[in-house]
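Hi,

Here is the structure I promised to pass on. Have a look at it first, and then read my notes below.

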Amino acid sequence: MERIVSLGARSYPLYIERGALRCLSPRVNLARKVLLVTDEGVPESLRTLVLSQCGQGFLEVLPMGEDSKSFSACERLCARMLRENFTRKDLVLALGGGVIGDLAGFAASIYMRGIDFVNLPTTTLSQIDSSVGGKTAINFCGVKNIVGAFHQPRAVFLDADALASLPERHFVNGLAEALKMGLICDPEILALFEKEDWRSHVEEIITRAVLAKADVVEADETEQGERKCLNFGHTIGHGIEAAGGLHGLLHGECVALGLLYFLEDEALKSRTLAILRRLGLPTRADVDPEKVFAALTHDKKGDATGVSVVVVDRPGHYLFRKMTYDELRARVFAGVDVP
C-alpha cells in the first residue's frame with residue numbers, strides 16, 4: 001500500500017507492506033552516498049539487508065536508549081558525514097526506533113542546512129508515531145525533544161516483518177500511540193483492540209493509526225493548530241517519563257498513563273483501562289508527583305499562564321483546553337482513580 005502525505009513540495013510516500021525493506025530501490029535513490037544510522041538493538045540481518053542495496057553505504061551503530069538522543073551523538077553523525085565528504089545531494093537512512101529516527105532526522109536537518117533522509121522504523125512505536133510528520137529532535141538537560149526541527153523525510157517504509165524480533169514489552173509499548181489515535185480520531189481502532197483476537201488485527205491497527213496521523217499532519221504540518229491533538233496523553237505522560245530520568249517507563253507506557261488524566265467521560269475511561277490491561281500496559285505510575293509537575297513547566301505547549309492540553313469527551317472527539325499550572329498540579333497530585 002502506498003499513501004502520499006501531501007505537503008506540497010515536502011510531500012512524501014508511505015509504503016505500508018510486508019517486505020518493504022527489501023525493495024527500497026527504485027523507490028528511493030540509493031545511487032549516492034548513504035549514511036545508515038541504527039542502534040545495537042536492531043538485528044544485524046536488517047542492517048545487512050539495507051546496506052546491500054546501497055552502492056556507497058556507511059554505517060553508524062549507536063547505543064540503544066534515550067542517551068543517544070544527544071548533542072554528542074548528533075555531532076558524531078555530522079562528523080562522519082563530513083569525514084566521508086557527504087554533500088547536499090546525499091542521504092541519511094534511519095533504521096530503528098523513535099530515538100534513531102528523531103536523531104538521524106535532526107542530524108540530516110542541520111548538516112549543510114538540510115539533506116535528504118528516509119525513515120525505516122523498526123518498532124511499533126516509531127511505525128505508528130514518530131516516523132510520520134517530520135518532527136526531529138534530541139533531548140537536552142533532561143528535557144525530552146526540547147531541541148529539534150521540522151524536517152520531512154523523503155519516504156517512510158513501514159514493514160511489519162521488521163517488528164518480528166521486538167521483545168513483547170517494546171512491541172506493546174508502541175500500541176499506546178495507536179490507542180491514542182483511536183481515542184482522538186478513529187474509534188474503530190478501539191473496537192479492534194477489544195476483539196478477542198486483537199493480535200490478529202495488529203497490522204490493521206497500525207495502518208489505521210498511521211493513516212489517521214497522516215491526515216492530521218497534512219492539515220497542519222508545523223503544529224499551529226489541529227496537529228496539537230497528537231499531544232493527547234503527552235503533557236503528563238512526558239512529565240512521568242522525565243520523573244523517571246528517561247530510564248524508567250518506556251515512552252508509550254508513559255503516554256498510556258497520560259491519556260487517563262484527560263478522559264472526560266467515565267465510561268470511556270473504564271473502556272480505555274480495560275484495553276490497557278488487555279495489552280499489558282500500566283495503569284498506575286510509581287513516580288514522585290512533584291517531579292512530574294516540575295517537568296510540566298518545561299512543556300513546549302506552555303506559557304507563563306498555563307499549558308494547552310487535549311481532552312477527550314467521547315470516542316473520536318477531542319477538545320483543546322487551556323489549563324493553569326494550579327489546575328494541572330491538582331490533576332497530577334490527584335492521580336488517576338483506577339477502579
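In which loop does Glu-223 lie? Glu-223 sits in the loop between α7 (202-219) and α8 (234-243); helices (H or I, at least four residues) and strands (E, at least two) are DSSP runs, numbered from the N terminus.

Before going on, a word on the source: this is a predicted model, where local features need pLDDT of at least 70 and side-chain atom pairs count only at pLDDT 80 or more, while totals for chains, interfaces and linings use all residues. Residues are numbered from 1 along each chain as its sequence is written, and side-chain values use heavy atoms, with hydrogens and water left out.

Back to Glu-223. This residue is buried, with a relative accessible area of 17% (buried means under 20%, exposed over 50%, partly exposed in between, using a 1.4 Å probe and protein chains only). Its side chain makes a polar contact with the side chain of Lys-135, at 2.4 Å. A polar contact here is a pair of N or O atoms within 3.5 Å; within protein, one must be able to donate a hydrogen and the other to accept it, and residues adjacent in sequence count only if both atoms are side-chain atoms. Leaving out residues up to four places away in sequence, Glu-223 touches Lys-135, Phe-150, Lys-228 and Asn-231, where contact means heavy atoms within 4.5 Å.

Most residues other than glycine have a negative phi, and most peptide bonds are trans. Glu-223 has a positive phi of about 60° although it is not a glycine. Asn-85 also has a positive phi of about 60°; Asn-85 is in the loop between α2 (71-83) and β5 (91-96). Is Asn-85 buried or exposed? Asn-85 is exposed, with a relative accessible area of 54%. Then there is the peptide bond from Ser-25 to Pro-26, which is cis, with omega near 10°. You will find Pro-26 in the loop between β2 (12-16) and β3 (33-39).

Now the inside. The largest nonpolar core has 69 residues, and Leu-14, Phe-193, Phe-232 and Phe-262 have the most contacts within it. By nonpolar core I mean a set of buried Ala, Val, Leu, Ile, Met, Phe, Trp, Tyr and Cys residues joined through side-chain atoms within 4.5 Å. A second, separate core of 22 residues includes Leu-35, Leu-77, Met-81 and Phe-117.

The structure holds one cavity of 30 Å³ or more. On a 1 Å grid over the protein atoms alone, a cavity is a set of points where a 1.4 Å probe fits but cannot get out; lining residues have an atom within 4 Å of a point. Grid points are joined across faces, edges and corners, and a volume is the space filled by probe spheres set on the points. The largest cavity has about 40 Å³ of space. Among the residues lining this cavity are Phe-117, Asn-119, Lys-135 and His-151. β6 (116-121) and β7 (135-140) are the elements that give two or more residues to its lining.

Enjoy exploring!

Technical notes. 1 Å grid on protein atoms, 1.4 Å probe; cavity = no way out; pocket = protein on both sides within 12 Å on 5 of 7 lines; lining within 4 Å.
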